[in-house]
Protein chains: 2
Amino acid sequence: MNLTSIYDKKLRNSGLRPTKQRIKICEALFDSEKTFHFSINDLANIINNKSSLKISLATIYNTVHAFKEKGYLKQIPLNTNQAYFDTNISDHHHFYDVNDKKLIDLDNSDVGPINIYKKINGKKIKSIEVLVKLED
Amino acid sequence: MNLTSIYDKKLRNSGLRPTKQRIKICEALFDSEKTFHFSINDLANIINNKSSLKISLATIYNTVHAFKEKGYLKQIPLNTNQAYFDTNISDHHHFYDVNDKKLIDLDNSDVGPINIYKKINGKKIKSIEVLVKLED
DNA sequence: ACAAACTTTAGAATCATTATAAACTACGAA
DNA sequence: TTCGTAGTTTATAATGATTCTAAAGTTTGT
């Protein structure tokens, strides 16, 4: 089965129609084995620079949010003015290099087990994310 | 020594002139023993609702950034559209309740030791921040 | 009291993101 | 296949947070 039909199935299974825009966004995000980090603007540039089909910013926003909802993307908690997303949806963490303003994955195996001793009544833990800031 | 003169000294020591706006912002932030989390808008409301001296938004932005630079405030890494700050500048972490959209401090003692095994050449760790998302 | 440097401010500008509503497309039923 | 409906895309406008600007005001050392 080729990638396009995999994306087609993925979209259908999520209740999203496999439009050519969404397939193209899937290609930009998931064709490579390597995962990566991106802002909406990064993604718009990646797609609209190397393809004849231009996709509007609104569609890219909509699609990224839909994919985030469906769990195909994660948003990275950061204190920057724009949102950053990750195609690596495994449980993992991040380095943030404050000088180079770059994100680097920290696999779960790169971080020792994290124990949270405090409990909040009626709430359960949904995720644990570690941000390690780096400087020169 | 009263609080106002402590703030005066704090500001002078940081190379910031102790203007009445900055003193008032210090009062709003640091008078209470309790630390708290706030957005710029929260802070503007706190100050401008309970005081006759109205401080412009621009000044509040400037001052919060200056205080963050000086280490009197911390910005909390989150994926929200607006910036959140913390008057608790000790090493600590956060719960974020995704249903109630509320932040709760997680003291260092509430979290087991965190070990980072990965190293990046020429970079050193500046901070480690854990965000624990909670849901119902 | 004075000049220089620093601050505050209102308002404009910018940037990221979301909303709108009209045109377009996919899809299932007939 | 054709049609109607629901879902999608798009340009553009609207919003909201934040930053910039430049003029007016304040602080400070002398």
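Hi everyone. Let me start with one count: between domain 1 of chain A and domain 2 of chain A there is one salt bridge. Keep in mind that we are looking at a predicted model.

Which side chains form that salt bridge? They belong to Lys74(A) and Asp91(A), with 4.0 Å from N to O. If you want to find the two domains on your screen, domain 1 of chain A covers 3–76, while domain 2 covers 90–134.

Three residue pairs make them across the interface of the two domains, and both partners have pLDDT 80 or more. On the domain 1 side, the element that gives the most is strand E2 of chain A, residues 74–76, with three residues. Sorted by class, that side of domain 1 has one nonpolar residue, three polar ones and one charged one.

Now let's step back to the whole interface. How many residues are in contact? Five from domain 1 of chain A touch eight from domain 2 of chain A. Together, the two domains bury about 470 Å² between them, and 48% of that is on carbon and sulfur atoms. Who supplies the domain 1 share? His37(A), Lys74(A) and Ile76(A) account for 88% of the area that domain 1 buries against domain 2, more than any other three residues.

Terms used:
Residues numbered from 1 in each chain as written. Chains lettered and ligands numbered in written order. Predicted model: local features only at pLDDT ≥ 70, side-chain atom pairs only at ≥ 80, totals over all residues. Heavy atoms only, no water. Domains from an automatic or database assignment. Contact = heavy atoms within 4.5 Å. Buried area = accessible area lost by both parts, 1.4 Å probe. Polar contact = N/O pair within 3.5 Å; in protein donor to acceptor, adjacent residues only side chain to side chain. Helix = DSSP H or I, 4+ residues; strand = E, 2+ residues; numbered from the N terminus. Nonpolar A, V, L, I, M, F, W, Y, C, P; charged D, E, K, R; others polar.
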